Amino acid sequence: MKRLLIKNGKVVSPADGLNEELDILVAEGRIEKIGSGLEDKEAEVIDAIGKVVTPGLIDMHVHLREPGFEHKETIKTGTEAAAAGGFTSVACMPNTNPVIDNSSIVDSVIKKAEFEGKVNLFPIGSITKGLEGEELSEIGSMKEAGIVGISDDGETVMNSELMRLALEYVTAFDLPVISHAEDQVLSGDGVVNEGYYSTVTGLDPIPAAAEDIIVARDIRLAELTGAPLHIAHVSTKRAVELVRDAKERGLEVTAEATPHHFTLTDEAVISFDTNTKVNPPLRSEEDVAAIKEGLADGTIDVIATDHAPHAFEEKNVEYDDAPFGISGLETALPLVITELVKPGIISLEEAVEKLTSNPAEVLNSDVGRLKEGSRADITVLDLDEEYEVDVDKFYSKGKNSPFDGFRLSGRPKVTIVDGKVVMKDNKVL
Ligand SMILES: NC(=O)N[C@@H](CC(=O)O)C(=O)O
Ligand SMILES: [Zn+2]
Ligand SMILES: [Zn+2]
């Protein structure tokens, strides 16, 4: 295996106490040495001068669509998109067909990723069989097979008794329960946020309360059971307040926000572009401000994409009929830098934590760190490169992005997984 020497980059890994210009020597898939003025005659040199070197980014919320919806995305194309976006690990949601609700499907997803995946893949198992909300999945055997959490993402476990049982069950397993918080009776047939823009477009509304109610319920159940709870794609002001309060009370509650929810407001839906249709919906200016505050004060621990690719034909229909979801892996890091770091809403160090060590901690995984001896998953990024988003250049099959044509600054330049360069200069290798 080739040795790699990443030279003269600014190494940023707050969890490892690193924030300075250093070299990193990689051998046999591991970080052999971190230091100044390192030399190695055999190593391939990656010149990182003027660039930032971070632990490989982790996206704890993606939809890779395989098995069952390979026309939208596959493990191969989805992990290529991840590599292109600077991610070295992704955790994939179980709303596939069949649903990831038993150990043999977990095994098959892991095997497939070993053969075809560009990055590390950590499956998330479902909470209930078939995502039907009626019976618990085989959580114990899925844990043995390698899941890192459980979620019925795409659906809410509307039965509070069953959700309580799931939370009680995982306390024995060190698995977070990841909540897609939506009161599905209240959200009904809604497609956009309830407010001024649902009124002017005439599109069916989803009230913020649909999210707030389930966030409140699940926090209460986490308190009752003592289980670790992670709130997926937080999008409302009240949800941020509820998570903040839960943390203050010492509960093991964590939360994530997506780039689309901190970048866009529901004003975007007046275009009737179905690429703005996502669940939870794009919210009001006040909600977006609260998300940014939550990111800044640490209430929101993690930035995750909720990468939800769909085929062009599926999105190329009336707003009401289009599926919910945004293809997010290849714009996430540029949006974090452009929308959060450059304007000073969070520091670069905080951004790195929310994309590396924090999600690793939620998933109880040992990735997301830069230490001698640890696995060599590394991302090199250029904070200043400006470019225009072009969905036709996405590695993802999902071209469904509302950011097509956006000018962003900050870009991943090299992605290294297990000591191997899998993306360089925006080309997946
Ligand atoms: N976010 C979305 O709009 N869609 C997700 C489901 C989900 O994350 O809830 C999908 O699977 O397409
Ligand atoms: Zn969801
Ligand atoms: Zn999702």
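## Burial and the model

A residue counts as buried if 20 or more other C-beta atoms lie within 10 Å of its own, as exposed if 12 or fewer do, and as partly exposed in between, with C-beta atoms placed from the backbone. The model is predicted: local features need pLDDT of at least 70, side-chain atom pairs count only at pLDDT 80 or more, and totals for chains, interfaces and linings use all residues. Residues are numbered from 1 along each chain as its sequence is written, while chains are lettered from A and ligands numbered from 1 in the order in which they are written.

Met 163 is buried, because 25 other C-beta atoms lie within 10 Å. This residue belongs to helix H4; helices (H or I, at least four residues) and strands (E, at least two) are DSSP runs numbered from the N terminus. Leaving aside residues up to four places away in sequence, Met 163 touches Val 157, Asp 218 and Leu 221, where contact requires C-beta atoms, placed from the backbone, within 7 Å. Ile 214 is 51 residues from Met 163 along the chain, and their C-alpha atoms are separated by 11 Å.

## Helix H7 and its two partners

H4 (residues 160-170) packs against H7 (residues 208-225) at about 45°, with the axes 9 Å apart. Axes are lines fitted to C-alpha atoms, for helices over the stretch in contact, and angles run from 0 to 180 degrees between N-to-C directions. H4 and H7 are therefore oblique to each other; angles under 35 degrees count as roughly parallel, over 145 as roughly antiparallel, 65 to 115 as roughly perpendicular and the rest as oblique. H4 contributes Ser 160, Met 163, Arg 164, Leu 167 and Glu 168 to the contact, and H7 contributes Arg 217, Asp 218, Leu 221, Ala 222, Leu 224 and Thr 225. These residues divide into five nonpolar, two polar and four charged. Here Ala, Val, Leu, Ile, Met, Phe, Trp, Tyr, Cys and Pro count as nonpolar, Asp, Glu, Lys and Arg as charged, and the others, Gly among them, as polar.

The axes of H7 and H8 (residues 237-248) come within 8 Å and cross at roughly 15°, so H7 and H8 are roughly parallel to each other. The contact involves Ala 208, Glu 211, Asp 212, Val 215, Ala 216 and Ile 219 of H7, with Arg 238, Ala 239, Leu 242 and Ala 246 of H8. Seven of the residues in this contact are nonpolar, none polar and three charged.

## The five-stranded sheet

Five strands form an open sheet in the order E9-E10-E13-E14-E15, with parallel pairing; two strands pair if DSSP finds at least two bridges between them. E9 (150-151) and E15 (302-303) stand at the edges with a single partner strand each, so one side of each has no neighbour in the sheet. E14 (residues 253-257) is joined to E15 by two bridges, and Ala 257 has Ile 303 in E15 as its bridge partner.

H4 lies across E9, E10 (177-179) and E13 (229-231), at about 145° to E10. H7 lies across E10, E13 and E14, at about 165° to E13.

Another open sheet has the order E6-E7-E8 and parallel pairing. On average, its neighbouring strands are turned by 20° against each other, direction ignored. Four bridges join E6 to E7 (residues 87-92), and Val 62 has Cys 92 in E7 as its bridge partner.

H1 packs on this sheet, touching E6, E7 and E8, and its direction makes about 135° with that of E7. Nine of the ten residues of H1 (residues 75-84) are buried, including Ile 75, Thr 77 and Glu 80. After H1 comes Gly 86, with a positive phi near 90°.

How values were computed: Contact = placed C-beta atoms within 7 Å.
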